[in-house]
Amino acid sequence: DSQLFDPIKSNFVGPTFENIKYGDYSDRGDLFYEGFPDYFIERKGKIGCLDSNGNCLIDCLYDKIEHIGKQIRSRVDDFQYSYRVEKNGLVGIITEKGFQIIPCRYEKIIPLWDGSGYCPMDYIVKKGRLALFEAKTGKQRTGFVYDDFKVLTYYSYNIWVEKDGKYALMSPEREVLTGFLFSKSIQVLEGCDKDTTRYIVSIKGQYGLIDANGKMLIECQYDELDYLGLFRIKLNGKYGIRTETTIIIPPENDSIDYLSNDDNESFVIVGNNGKLSIFNVTLHRFITSSDYQDAKCYRFINGISVRKDDMWGFINQFGEVCLHCIYQEIEPHTNKNWECIGYSVKKEGKWGYVNAFEEPLIPCKFELIRPYENEGLIIAYIVRLEKGYGAVNPKCHFITDCIYDYIGFAPYIHQDNKLYGYHVCGSLTSNQEEYGFIDSN
C-alpha cells in the first residue's frame, strides 16, 4: 500500500491506497497544473483524488480521471477546477470536490474554450451526434443534432456550428442565427466588440459578408472577398473595391494590391494593362492616374516609392511628386515626425543624396551613402568608395577621405547638433586592426 508522508511534520498523512500518483492520472501522461488537487489515488482499480493534507476530494469511483486542460477555472460558483471522468466506458464532468456537473452517460466530452483559452464556455458532448452543455451548471443547451462546434473569435461572442457539412452562426444564447448555408471557409474580421465583428462566408464558392447577428451585409456573389482596409472583390476574373454598402471601384481591373506604412496610411494599387494607379484608402480617392509600373511603401513614412519607365521616384500621400522617376534606386529618410527630409538616390550605379526639394547635396559618385540624422537634422553622411569609408558634412565637404575599413559615429552629440566625432578603423596587416577617433573637423 501507499501513503503520503509529510517531511516537515514527520508523520504520515491520510489513509493508505493501492497507489498514489502525483499529477494527472490518465492516458495523457504525468501532467500537473498548479491549483489542481495534488494526488491521484487508486483503490480496487478505481481512481480518485487526494489533496496534500491527505483529505479525499474525489472518491475512488472512476476508471479514469483527467484534467480538462490548462490551469483553468471551470465556470462554477466557487471556481473549483474541473475533471473529465470515465466510468464503464462513458464520460462525465466533476469538480475537484466531487460535485457532478455532467453525469457519466456520454461517449465523449470536449471543452469549448472561450477565446482566451482559460475557461470553457460550454462542453461539447457526444451521444451519437453532438450537443452543447453549459459549463457552469451542466444544463443541456442544444439537442444532439450537430457535427461540430468552432470558436472563431477571441471574444467568443458567437460560435460556428456544423450540420451535415454546412455551417451556421450560433449566438452566445445558443440560438442559430442563420440557416445552415455556409461552407467551411470562414474568415473572421474581429472588431473590438460584437457590433463591429464581421464574418466572410461562402455559399457554393461565392463569398459575402455577415455581421455578428447573422445579417447579410454583402451578398455571396463574389469569386473572392478579402479585407484591405476596404473590401477587395473579384468577379469574373476582375478586381474591385467596395465598402459594406457601396462599390467604390467596380470589379473591372486586372489586379488590386494593398500597401501600408504600418501607421495611419494605406493604399490600394490598381493595375490595368501593366500600368498602376494608386487609391488612398484614408482619403477614399485616387491620388494618381495609370502612370506607374510598380509601387512600394516604407514603414511609418507618409508616401510611396513609384517606378515609371524602369526608374524610381517618390510621391506623397496626396499623389504629389516629391522625387521624379529618374533614379535606379531610392531610399527615403525621415525626421522624428516621419516626414521625408531627403533621399539616398542611385544613378548610373553610384549613390548620392538629394534633399526633400530634390536639390542634390551629395553627387552620385559613391558605392554607398548613409545619412546620419539627429533630432530631424542631417549631421553627416557615411560614404564609401572602392578604397574605403569616409565622412561628408551636410555642406558636401569631406571630413575625412574614404580611407578607412570602418567608420562609425561617436555616441555623443553637442546640444547645438554638432557632431562630436567619429570612431574609425584601419587595417595595418591582413590579420590586425587598430581603432582610433577623429573629431568633427
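Modeller: A word on areas to begin with: accessible areas come from the Shrake-Rupley method with a 1.4 Å probe, and for residues only the protein chains shown count as cover. By that method the protein exposes about 22700 Å², with carbon and sulfur atoms supplying 46% of it. Bear in mind that this is a predicted model, where local features need pLDDT of at least 70 and side-chain atom pairs count only at pLDDT 80 or more, while totals for chains, interfaces and linings use all residues. Residues are numbered from 1 along each chain as its sequence is written, and side-chain values use heavy atoms, leaving out hydrogens and water.

Strand labels follow DSSP runs numbered from the N terminus (E for strands of at least two residues, H or I for helices of at least four). Buried here is under 20% relative accessible area, exposed is over 50%, and partly exposed is in between (1.4 Å probe, protein chains only).

On to its partners, where two strands pair if DSSP finds at least two bridges between them. Strand E22 (residues 231-235) runs antiparallel to E23, with five bridges joining the two. In that pairing, Phe-231 stands opposite Arg-242 of E23. E22 and E23 make a hairpin with two residues between the strands, and Asn-236 in this hairpin takes a positive phi near 55°. Strand E24 (residues 247-253) also runs antiparallel to E23, this time with three bridges. The hairpin of E23 and E24 has four residues between the strands. Arg-242 turns up again here, with Ile-247 as its bridge partner in E24.

Now for the wider setting. The protein has zero helices and 43 strands. Of its 441 residues, 45% count as buried. If you look at contacts (heavy atoms within 4.5 Å), residues 24 or more positions apart account for 28% of those with a separation of 6 or more.

At a relative accessible area of 7%, Ser-277 is buried. Leaving aside residues up to four places away in sequence, Ser-277 touches Val-268, Ile-269, Val-270, Phe-286, Thr-288, Ser-289 and Ser-290.

Phe, Tyr and Trp rings (the six-membered one for Trp) pair if their centres lie within 6.5 Å; planes under 30 degrees apart are stacked, over 60 edge-to-face, and the rest tilted. There are twelve aromatic pairs in the structure. In one of them, Tyr-146 and Phe-149 have ring centres 5.5 Å apart and planes at 70°, so the pair is edge-to-face. Both partners count as buried: Tyr-146 has 10% relative accessibility, and Phe-149 has 4%. Trp-160 and Tyr-199 also form an edge-to-face pair, at 5.4 Å centre to centre with 80° between the planes. Because Trp-160 sits in strand E15 (residues 159-163) and Tyr-199 in strand E18 (residues 198-203), this pair ties together parts 39 residues apart in sequence. Trp-160 is buried at 1%, and Tyr-199 is buried at 1% as well. Elsewhere, ring pairs link Tyr-106, Phe-133 and Phe-144 into a cluster.

Some rings have a charge over the face, meaning NZ of Lys or CZ of Arg within 6 Å of the ring centre and within 35 degrees of the ring normal. Lys-163 lies over Phe-180 in this way, 5.8 Å from the ring centre, and Lys-296 lies over Trp-312 at 4.9 Å.

Back to backbone angles. Most residues other than glycine have a negative phi. Lys-204, though, has a positive phi near 55°. Lys-204 sits in the loop between E18 and strand E19 (206-211), and at 78% relative accessibility it counts as exposed. Glu-358 likewise has a positive phi, of about 65°, and is found in the loop between strand E35 (350-355) and strand E36 (360-366).

Last, the cysteines. A search of the whole structure finds zero disulfides, a disulfide being a pair of cysteine sulfur atoms within 2.5 Å. Cys-49 is buried at 0% relative accessibility, and Cys-60 is buried at 17%.
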